[in-house]
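Please consult the sequence and the model shown below while reading.

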Amino acid sequence: MNNFEKLVEINNIKKYFSMSRGRILKAVDDVSFYINKGETLGLVGESGCGKTTLGRVVNRIYQQTEGQVIFEGKDISHYSKKDYKGITREMQMIFQDPYTSLDARMTTGEIIAEGMVIHNLYKQKDRTNRVFELLNLVGLNKEHINRFPHEFSGGQRQRIGIARALAIEPKFIVCDEPISALDVSVQSQIVNLLMRLQREFGLTYLFIAHDLSMVKHISDRVAVMYLGSVVELTESNDLYKNPLHPYTQSLLSAIPIADPILSANRQRMLLQGEVPSPINTPPGCKFKNRCPHASGDCSEEAPILREVSPGHFVACHLVN
Ligand code: SF4
């Protein structure tokens, strides 16, 4: 993977929020990774682990507290609003909830064309043709152009959200849990659509999800996040065959298996305890109160994300 051209790179990103009484919420705490052109990096973790905040920092919706965001080799961490306008054309976002992410007062055509208007792309007539083209591309049809979001199903609304993201021909899309709110039967249709569009347009994705089963099909590599930190990162196949971090192992053991015999023989790794608060986290490994392998070292020193085999990074004192 390292020989591929990097499109996005983040270095030591921290995103902290100030709370009442001087407390600090460390939503993202020193995260680094890169995404190659045309690649999908899956970003997985339980709700509240910081993955959506990180997606928003990468996509420049949030300004980082510390660290660097590099896009196409340029450090864009401290771009002014004016500079960002060019970058926002290259980076788009597909949101989790197709019911709230579309403006209920706008027609489908207006929603999809909004980015073209903001970036002053195409003449009016050409914009309409482009909207028709996009509707077709995402599996909707011309008749949908004057309808309002409430007239569509969840899957169709997510298709509108995808058409909106594609309208200005971005290179990079943060897909923030784009299938979590959809029926299981519709989830694979949306994943397949995203994969087809990626092949057609050479898109690069950061695909955020809360469980590993959702990212398996679409991701080239997967990063697992726990309480603001990446605890494991490797190629997708490697992660599913050879998970090394106890947290990844527990997430994988929670994925339902369709085969009843395999399912009955599988050892489930149930996590004890609650996810600690990201406010004033105690020293040592953040996973220590839930980890079945925790020892004395784990309370004293936070493990660093290290490369334990080519391209496979793990943050755990037990993994060499
Ligand atoms: Fe468990 Fe210790 Fe590894 Fe943390 S460092 S995951 S507590 S064994």
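**Cavity, pockets and selected residues**

The lining of the largest cavity comprises ten nonpolar residues, three polar residues and one charged residue. The model is predicted.

**The cavity and the ligand**

- The count of cavities of 30 Å³ or more comes to one.
- The largest cavity holds about 110 Å³ of space.
- It is lined by 14 residues, and those nearest its centre are Cys285, Cys291, Cys298, Cys316 and His317.
- The ligand is surrounded by 13 residues, with Cys285, Cys291, Cys298, Cys316 and His317 the closest.
- Divided by class, the shell around the ligand consists of nine nonpolar, three polar and one charged residues.

**The largest pocket**

- The largest pocket contains about 520 Å³ of space.
- Its lining is made up of 22 residues, of which Asp29, Ser229, Lys286, Ala302 and Pro303 are the closest to the centre of the pocket.
- Two or more lining residues come from each of strand E2 (24-36) and strand E10 (229-235).
- Strand E2 gives the most to this lining, contributing five residues.
- In terms of class, twelve residues of the lining of the largest pocket are nonpolar, six are polar and four are charged.

**The second largest pocket**

- The second largest pocket contains about 410 Å³ of space.
- There are 16 residues in its lining, and Thr88, Met91, Gln92, Met93 and Ile168 are the closest to its centre.
- The elements giving two or more residues to this lining are helix H2 (81-90), strand E6 (91-94), helix H3 (108-118) and helix H5 (154-166).
- The lining of the second largest pocket has eight nonpolar, five polar and three charged residues.

**Helix H1 and the residue after it**

- Helix H1 (residues 51-58) is largely enclosed by the rest of the structure, because six of its eight residues are buried.
- The buried residues of H1 are Lys51, Thr53, Leu54, Gly55, Val57 and Val58.
- Arg60 follows H1 and has a positive phi, near 65 degrees.

**Loop residues with positive phi**

- Most residues other than glycine have a negative phi.
- Asn120 is a residue other than glycine with a positive phi, near 55 degrees.
- Asn120 is located in the loop between H3 and H4.
- The relative accessible area of Asn120 is 64%, which means that this residue is exposed, the cut-off being over 50%.
- Leu227, also a residue other than glycine, has a positive phi near 50 degrees.
- The position of Leu227 is in the loop between strand E9 (221-226) and E10.
- Leu227 counts as buried because its relative accessibility is 4%, and the cut-off for a buried residue is under 20%.

**Gln187 in helix H6**

- Gln187 belongs to helix H6 (residues 184-201).
- With a relative accessible area of 14%, Gln187 is buried.
- Not counting residues up to four places away in sequence, Gln187 touches Ile179, Ser180, Leu182 and Met214.

**Phe148 between helices H4 and H5**

- Phe148 is situated in the loop between helix H4 (124-137) and H5.
- Phe148 counts as partly exposed, because its relative accessibility is 29%.
- When neighbours within four places in sequence are left aside, the contacts of Phe148 are Ala104, Arg105, Met106 and Thr107.
- A separation of 38 Å lies between the C-alpha atoms of Phe148 and Leu25, which are 123 residues apart along the chain.

Notes:
Residues numbered from 1 in each chain as written. Predicted model: local features only at pLDDT ≥ 70, side-chain atom pairs only at ≥ 80, totals over all residues. Heavy atoms only, no water. Near = heavy atom within 4 Å. Nonpolar A, V, L, I, M, F, W, Y, C, P; charged D, E, K, R; others polar. 1 Å grid on protein atoms, 1.4 Å probe; cavity = no way out; pocket = protein on both sides within 12 Å on 5 of 7 lines; lining within 4 Å. Points joined across faces, edges and corners; volume = space filled by probe spheres on them. Helix = DSSP H or I, 4+ residues; strand = E, 2+ residues; numbered from the N terminus. Buried < 20%, exposed > 50% of the residue type's maximum accessible area, 1.4 Å probe, protein only. Contact = heavy atoms within 4.5 Å.
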